[in-house]
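Hi,

Here is the model I promised to pass on. Could you open it alongside this note and tell me what you make of it?

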Amino acid sequence: MRIIVCVKQVPDTNEIKIDPLTGTLMRDGVPSILNPDDANALEAALRIKDEYPGTTVDVLSMGPAQACYALRECLAMGADNAYLLSSRAFGGADTCSTSTTLAYGVRKLGDFDFIFTGRQAIDGDTAQVGPQLAQRLGLPIATYVQNIREVKEKTVIVERQLEDGYQILEVNRPCLLTAVKEWNEPRYMTVIGIENAYRKEIPVWDEKDIGIDVQDCGLNASPTKVFRSFTPPPKGKGEILSGTVSEMAQSLVAKLMEKHIL
Amino acid sequence: MSIRVIKEKCRGCALCVRSCPFEAIHMSGKLPEIGAACTECGSCLEVCAFGALEKVDDSRKSDIDISEYHDVWVFAEQRENELMPVVIELMGEGRRLADKIGCRLGVIVCGENIDRLTYELSCYGADVIYYADAPELKTYTTDAYTKVIYEAVLRYKPEILLLGATHIGRDLGPSIAVKCGTGLTADCTKLEINPEDKKLMQTRPAFGGNLMATIVCEKHRPQMATVRPGIMEKAKYDRDHECTEIPLEVSFEDGELRERVIKMVKSLREKVSLTDADVIVSGGLGLGGPEGFDLIRKLASRLGGVVGSSRAAVDAGWIPHSHQVGQTGTTVRPNIYIACGISGAIQHLAGMQESKCIIAINKNENAPIFEVADYGIVGDLYKVIPAILNALDGVE
């Protein structure tokens, strides 16, 4: 079997702070990491490889040259090959445009049995690129997958997470699955894996390599544009009550009654 | 569009470099250079004190004629023939947007035996209901719903299509958007109509809620957005509201539907309807342990509300994730939100700051939660909550 895993390198949003003076994001020193859900997608692929020897797991990403770090992490976890789509022409892409470029990358990689991706990336939180990629490649899809129950000859049976439980879903193969973090616990990199990871060459492909017109990628091909961006305004600070505990409690209840909130 | 540096005006102060959320700007000598990571978010335009940056239009024209597209549509998601609560919020918001544009509010609904749903949707203010009634549409599958809705969009051409950002909406939205060749903005928390050109301005959080971005889809239609549940005002119910119903043709060929739902498994977790609650009392790490939630429950039940929590309390294993309020939990906007022993990390604030009245109880007077609270009480929650319970008893 061959599984292609699409991953993204993202800034660790838990580490982002806001500059209190300018109100802007402080990106200095914010580490870049392999997007957490994508690590679950890769782990799911590696488990299939453990179960079915002879399976190849290839990782594909689109991003700046530094995204090689995330790809090396994937190799160190046990992926067989990694490929990076990188070009100035791909820059500024929205999810729609990103999915087009990834689709060209996947087509260049050739036949496969599965594409796995994470449910969503923590910098954008859109969860759109997976389904968009499936649609572009004409593949059936299951999003929010929390488990594979059975890989059959022509289909796969998965558990698809919903807000109030999950569906058991049978999906034709080949297909695209997006992984949630509940699916598994991603493995650690091994020493041998890390060594191998640094020996392996990661091909970097630009628009010519994957045969995409520059008008069809990056900002040029993005239907949505950022009109403006801003730091969320804090809600105006309210009233800090004073007095003894019982006075504060009395006064709170009185104020809520007065405003008909209670 | 792209961002251009006006060399004559730039003083090389590099403020723009630091302001860029995407690290797309680097200094090349004394001038900033806009790199490939630029999304034209405009952060740099705002900080530049010399007006040395500008947005220029250099994009390719799209082939579609956007003037052919009219009306605001809402996708009415049903599960087991019940409308999802977010649908009623979308109806409220859709009505507001349609009135601003001066167009009709349409609803598209798929399912089997859905007469009652179309009636409800009419009462919630739909002017036109497009409905597809077929056994293949009883429960959601990507292929079936995408096909039906895509064909309806092609035929009836809505200018705006809103979906709830549920697991299903976030599966369906991108699939339809690609079919229609249009853009999609995920998980919006605010929608507005630009008074000048009547286009939809879609605001959403990014970077874990640290940054808000307003997105537009200028040259493609429909303008599509998924909307976060629990944010928009619900539509009013009016038994006498009248609407037109238009049936959609549904036919599937053999092998066209490539996903089959075998079974639905309901989770056995305690059902916590945070999004529907009028009152939420939440506990955080300040409780000191899982038993602290007993007191939280007491206050919640006294006020007829439900129990929420911060992520930290969930991570500590004190309470299940279904209670979590915030960026990675549930977004809520109750009438009263009482935060007890919650410091107010930005991810938590992102999920509750739209609440109508926020009350914070915390020992630490510098806790960020006080920045968003309408009323703050600095003190030990184990003393304050019993005192509030007492005070409540006193008034009745």
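Chain B has eleven helices and 22 strands (DSSP runs numbered from the N terminus, with at least four residues of H or I for a helix and at least two of E for a strand). Before going further, please bear in mind that this is a predicted model, in which local features need pLDDT of at least 70 and side-chain atom pairs count only at pLDDT 80 or more, while totals for chains, interfaces and linings use all residues. Residues are numbered from 1 along each chain as its sequence is written, with chains lettered from A and ligands numbered from 1 in the order in which they are written.

Chain B first. Its C-alpha atoms fill a box of roughly 70 × 65 × 40 Å along the principal axes. The chain is divided into domain 1 (2-56), domain 2 (66-247) and domain 3 (279-395), with bounds from an automatic or database domain assignment. Between the C-alpha centres of domain 1 and domain 3 of chain B there are 42 Å. Of its 396 residues, 53% count as buried, meaning that 20 or more other C-beta atoms, placed from the backbone, lie within 10 Å of the residue's own.

Now to the sheet in chain B. Seven strands make up an open, parallel sheet in the order 11-15-10-5-8-9-16, where pairing requires at least two DSSP bridges between two strands. Strand 11 (184-188) and strand 16 (244-247) of chain B are at the edges with a single partner strand each, so one side of each has no neighbour in the sheet. From one strand to the next, the twist averages 20 degrees (axes are lines fitted to C-alpha atoms, for helices over the stretch in contact, and angles run from 0 to 180 degrees between N-to-C directions).

Within that sheet, strand 5 (residues 72-76) and strand 8 (residues 105-111) of chain B are joined by five parallel bridges, and B:Phe75 stands opposite B:Ile108 in strand 8. Helix 3 (residues 85-101) of chain B lies across strands 5, 8, 10 and 15, at about 175 degrees to strand 5. Helix 5 (residues 142-156) of chain B lies across strands 5, 8, 9 and 10, at about 150 degrees to strand 8.

One residue in chain A is also worth a look. A:Val10 is found in strand 2 (residues 9-11) of chain A and is buried, with 21 other C-beta atoms within 10 Å. Beyond its neighbours within four places in sequence, its contacts include A:Ser32, A:Ile33 and A:Ala121 (a contact means C-beta atoms, placed from the backbone, within 7 Å).

Best wishes

Note on methods:
Contact = placed C-beta atoms within 7 Å. Buried ≥ 20, exposed ≤ 12 C-beta atoms within 10 Å, placed from the backbone.
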